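Welcome! Let's take a friendly walk through this structure, one piece at a time.

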Amino acid sequence: MAGCYSAASAPSADTLGVVCLEAAVIVELDGSQHVIDAPYDANRDAFLRSTGFRVLRFWNGDVLSRTDSVVETIFEALYRSEMEGRFE
């Protein structure tokens, strides 16, 4: 995935999970604390969208238990601009 960076190397790494600059996609992996943080996440996602990014959110449990499905969704979203939001 050329042009994609993990949080360790991404610009503003303190706030992003994984970013693909070429596709303008940010992937966030959320733990249970994000149920409580949902209003904050919604505001943050709106800000990121206003700067031209799409945000894809996945629950940690889904990443661990349905890894293939999550990876397929991410790859599909890289090429389909209408895909964004939380995937369950």
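Which residues does Phe58 touch, not counting residues up to four places away in sequence? Keep in mind that this is a predicted model. Phe58 touches Val27, Glu28, Leu29, Asp30, Val63, Val70, Thr73, Ile74, Arg86 and Phe87.

**How the strands pair**

Strand β4 covers residues 54–59, and five of its six residues are buried. Strand β3, residues 25–30, is also mostly covered, with five of its six residues buried.

| Strands | Sense | Bridges | Residues standing opposite |
|---|---|---|---|
| β2 (residues 18–20) and β3 | antiparallel | three bridges | Cys20 and Val25 |
| β3 (residues 25–30) and β4 | parallel | six bridges | Glu28 and Arg57 |
| β4 and β5 (residues 85–87) | parallel | three bridges | Phe58 and Phe87 |

**A closer look at Ile74**

Ile74, one of the residues that Phe58 touches, is found in helix α4, which spans residues 67–79. Is Ile74 buried or exposed? Ile74 counts as buried because its relative accessibility is 15%, and the cut-off for buried is under 20%. Leaving out residues up to four places away in sequence, Ile74 touches Val27, Leu56 and Phe58. Ile74 and Glu84 are ten residues apart in sequence, and their C-alpha atoms are 9.7 Å apart in space.

**The nonpolar core**

How many residues does the largest nonpolar core have? There are twelve: Cys20, Val25, Val27, Leu56, Phe58, Val63, Val70, Ile74, Ala77, Leu78, Met83 and Phe87. Two or more of these residues come from each of the elements β3, β4 and α4. Helix α4 gives the most, with four residues.

Notes
Residues numbered from 1 in each chain as written. Predicted model: local features only at pLDDT ≥ 70, side-chain atom pairs only at ≥ 80, totals over all residues. Heavy atoms only, no water. Buried < 20%, exposed > 50% of the residue type's maximum accessible area, 1.4 Å probe, protein only. Pairing = 2+ DSSP bridges. Contact = heavy atoms within 4.5 Å. Core = buried A, V, L, I, M, F, W, Y, C linked by side-chain atoms within 4.5 Å.
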